[in-house]
Amino acid sequence: MPVHLSVDQLARDLSIRDLTDPAAGPHALQLVLDRAVDALAQQWGCEVRWWRGERIVTAGDNYDNLGYRGDDVTRDARYTRYVDDRRMLRSHSTALIPGALRALATDPVDDVLLVCPGIVYRRDSIDRLHTGTPHQLDLWRVTRRPAPMTTADLDEMITVLVDALLPGAQHRHEDRVHSYTVLGRQVDVARDGEWIEVAECGLADPRVLRRAGMDRAYSGLALGMGLDRMLMLRKGIDDIRILRSTDPAVVVQLTHLAPYRPVSAMPAIRRDLSVAVDHDDQAEDLGDRVRDALGPAADCVESVEILARTPCSRLPPQALQRLGARSDQENLLLAVVLRHLDRTLTDHEANQLRDRIYAAVHQGSAHQWAATS
């Protein structure tokens with residue numbers, strides 16, 4: 001049986017603002033979204049249908065109706081925020097696609113761009129580029145024109161989007177396997193001497209269309225992208241927390257797509273922790289625990305990095321005793337970087353946050369609390 005979110009956890013997650021939704025106020029993410037949709041609609045001359053859906057979806061739409069295997073590891077409660085045995089907080093914007101396709105099947109057109117944007121909930125590490133509540137966008141072109149969609153159409157879609165969102169950027173693609181596409185790809189763009197992933201795409205798997213009630217005359221293109229990363233690339237933002245800053249000098253810069261001008265550089269405070277965890281715990285597990293434990297104060301955590309991991313079976317007895325660790329656990333050395341976006345943290349505040357993080361991630365029976373002065 002999956003582990004369910006508590007009432008308080010669900011209320012907290014549902015209260016997080018969806019920055020793509022104009023009803024909650026303007027944000028530059030909406031400008032990225034609109035540019036993507038406008039560019040494709042103008043290129044293809046097709047109808048556009050928006051489908052925002054609900055944050056709580058069935059596990060069927062998040063997994064089964066997209067072709068995920070019944071034993072897929074992503075279904076585990078470590079990766080998924082279950083509301084009950086049948087429902088969950090959507091873990092990707094593609095979970096909105098089955099509903100959008102069913103609506104299309106009941107009100108069909110010959111050529112349409114389905115637009116499914118919004119906040120999603122996922123397991124992720126804590127660093128300057130990742131968050132547990134990112135914003136994603138799925139764009140699916142579904143058509144019943146005589147000639148089915150091909151990889152040439154997919155090439156066109158990628159080029160139009162990159163040119164519209166990151167003018168002049170060089171891009172490439174590599175083969176990838178997705179449960180809901182055929183001939184899947186990952187799209188990367190070049191930035192500062194490295195390749196950065198910006199989208200996953202492919203030809204829409206006919207089985208996904210059939211499950212939604214689309215007849216065999218339909219074919220399609222399927223593309224999903226991270227809107228946060230696209231905006232950060234467009235504006236030159238290097239810390240994802242900035243997208244939710246309430247500093248007026250930052251907020252005003254998140255109403256347009258001009259390059260971001262840093263407002264201030266608050267000093268970072270580093271604290272190293274030695275903790276015992278289960279042997280299969282990863283940075284993403286630690287990130288979830290820290291977010292749950294700190295709540296809104298998690299915005300002060302710039303990163304939680306695993307510097308070293310050592311099987312506890314290799315530790316000397318005194319170290320095992322100090323940690324209260326079992327021999328089947330692992331000892332992690334963590335570097336925790338704390339930095340408030342708008343002001344300088346005091347040492348006292350930093351130490352309090354460090355101790356709360358320690359309590360959240362350490363799974364030994366002994367606790368080494370540091371001084372909080």
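This is a predicted model: local features need pLDDT of at least 70, side-chain atom pairs count only at pLDDT 80 or more; totals for chains, interfaces and linings use all residues.

Trainee: How many helices and strands are in the protein chain?

Mentor: The protein chain has 11 helices and 12 strands.

Trainee: What is its radius of gyration, and what would a compact globule have?

Mentor: The radius of gyration of the protein chain is 22 Å, which agrees with a compact globule, because a globule of 373 residues would have a value near 21 Å. The C-alpha trace spans about 75 × 45 × 40 Å along its principal axes.

Trainee: And what share of the residues is buried?

Mentor: Buried residues are 51% of the 373 in the protein chain. As for contacts with a separation of 6 or more, 69% of them join residues 24 or more positions apart.

Trainee: Turning to helix 7, is it mostly covered or mostly uncovered?

Mentor: Helix 7, residues 227-235, is mostly covered, with seven of its nine residues buried.

Trainee: Which ones are buried?

Mentor: They are Leu227, Asp228, Met230, Leu231, Met232, Leu233 and Lys235.

Trainee: What covers them?

Mentor: The cover includes helix 2 (28-44) and helix 5 (151-165). Strands also contribute, among them strand 5 (135-143), strand 7 (181-191), strand 8 (194-204) and strand 9 (219-226).

Trainee: What follows helix 7?

Mentor: Gly236 follows helix 7, and its phi is positive, near 75 degrees.

Trainee: Lastly, how far apart are the mean positions of the positive and negative charges?

Mentor: For the 46 positive and 55 negative charges of the protein chain, the mean positions are 1 Å apart.

Key: Residues are numbered from 1 along each chain as its sequence is written. Side-chain values use heavy atoms; hydrogens and water are left out. Buried means under 20% relative accessible area, exposed over 50%, partly exposed in between (1.4 Å probe, protein chains only). Helices (H or I, at least four residues) and strands (E, at least two) are DSSP runs, numbered from the N terminus. Contact means heavy atoms within 4.5 Å. The radius of gyration is taken over C-alpha atoms; the globule rule is 2.2 Å times the number of residues to the power 0.38. Lys and Arg count as positive and Asp and Glu as negative; His and the chain ends are not counted. The place of a charge is taken as NZ of Lys, CZ of Arg, CG of Asp or CD of Glu.
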